[in-house]
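Hi there,

Here is the structure I promised to pass on.

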Amino acid sequence: MPGVGAPSVPRAAPAVRHRLRQCAAWIPEARAVLDLLEKCPEHQKKGGFPVVVFEGLDATGKTTVATSVRDTLNAVLLRSPPPCISPWRAIFDDQPTSIKRAFYAAGNYILASEIARASTQAPVIIDRYWHSTAAYTIATEVNSKVQDLPPAHDDVYQWPEDLLKPDLVLLLTVDPEERVRRLQRRGLEKTKEEAELEANSLFRQRVEESYRRMVNPACQEVDASSSLEEIIETVLRLIKQHCAL
C-alpha cells in the first residue's frame, strides 16, 4: 500500500477516466481525450518485438538517441503524449495538478494501444512513457527535500497493473551544468516544468531520484554526457542484453 500522504499518481485507467469526466464540463478537450481513451481496449498486450523506453530530463538527448536507435534497429518510434492529444498539452499544463496528471496518464494508456499494434510488426522505441508521468507527479507533490520522497519500494513507484509494460526502460542522465548548456544551445521556449527544473535544484533532484526508485520495470541508467556514438553503443548493448532481437 502507498505510504501515508503518498503522491496521488493516477494508477489505473478507471481512475484516469473518472478524473477526466469530472473536468469535461469546463474543459472540452478533456471530453475529447476521454473519447479516445474509451476506444482503447483494456489490458493491452505487446506483440513479439521488443519495446524500449527512453526517459530523462529535457536536453539529456532522449530524442536524438531514440531516433538513432530507431534507424539502427529499423524500429517504430512513438512518443508520449501521442500526437492525437499532444496539441492540447498547453491547455492541460495550465490546469491544477490532478487534471494535468490525468491528461498525461491518459496519454500513456492511449499510447499503449499504438505500442500493442506496432510491436507485432517491428521493435518499438518510445520517447517517454509512464515513468515520466509518475516521476514528475511525485516530485511536484513532495515539495521539499529528496529525503522526504516516499521510501523506496513504496507502491507509488510500481508500474500500473493494467498498462502495457515495456521490456526495457533506459534513463539518460547528464550533469546539471551540461544539461543547461544544451538547453541554451537549443534556444527553445521553456515549459513550466523545465523552468522549474532550472530554477529549483531540489525539484530536479526529486525528479531524478523518483526515476531511480521506479520498479517493475526499473530504469537502467545511461550516462549521456559522452559522444553520441558511445551512447548508442552502450544503449544497443543494453538492448541486446535485455531484449530478444
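A term to start with: a residue is buried when its relative accessible area is under 20%, exposed when over 50%, and partly exposed in between, using a 1.4 Å probe and protein chains only. Please keep in mind that this is a predicted model, where local features need pLDDT of at least 70, side-chain atom pairs count only at pLDDT 80 or more, and totals for chains, interfaces and linings use all residues. Residues are numbered from 1 along each chain as its sequence is written, and side-chain values use heavy atoms, with hydrogens and water left out.

Asn216 sits in the loop between α9 (201-213) and β5 (219-223). Its phi is positive, about 55°, although Asn216 is not a glycine. Asn216 is partly exposed, with a relative accessible area of 42%. The peptide bond from Asn216 to Pro217 is cis, with omega near 10°.

Another cis peptide bond runs from Ser80 to Pro81, with omega near 0°. Pro81 lies in the loop between β2 (76-79) and α4 (89-93).

Arg128, in the loop between β3 (124-127) and α6, also has a positive phi, near 75°, without being a glycine. Is Arg128 buried or exposed? Arg128 is buried, at a relative accessible area of 15%.

Helices (H or I, at least four residues) and strands (E, at least two) are DSSP runs, numbered from the N terminus. The protein chain has 10 helices and five strands. Axes are lines fitted to C-alpha atoms, for helices over the stretch in contact, and angles run from 0 to 180 degrees between N-to-C directions. Angles under 35 degrees count as roughly parallel, over 145 as roughly antiparallel, 65 to 115 as roughly perpendicular and the rest as oblique.

The axes of α1 (residues 13-23) and α5 (residues 97-118) come within 9 Å and cross at roughly 130°. That makes α1 oblique to α5. Residues in contact (heavy atoms within 4.5 Å) include Val16 and Leu20 in α1, and Ile99 and Tyr109 in α5.

On α6 (residues 130-141), the axis is 9 Å from that of α5, and the two helices pack at about 165°. That makes α5 roughly antiparallel to α6. Among the residues that meet there are Arg101 and Tyr104 in α5, and Trp130 and Glu141 in α6.

**The whole chain**

Of the 245 residues, 50% count as buried.

Best wishes
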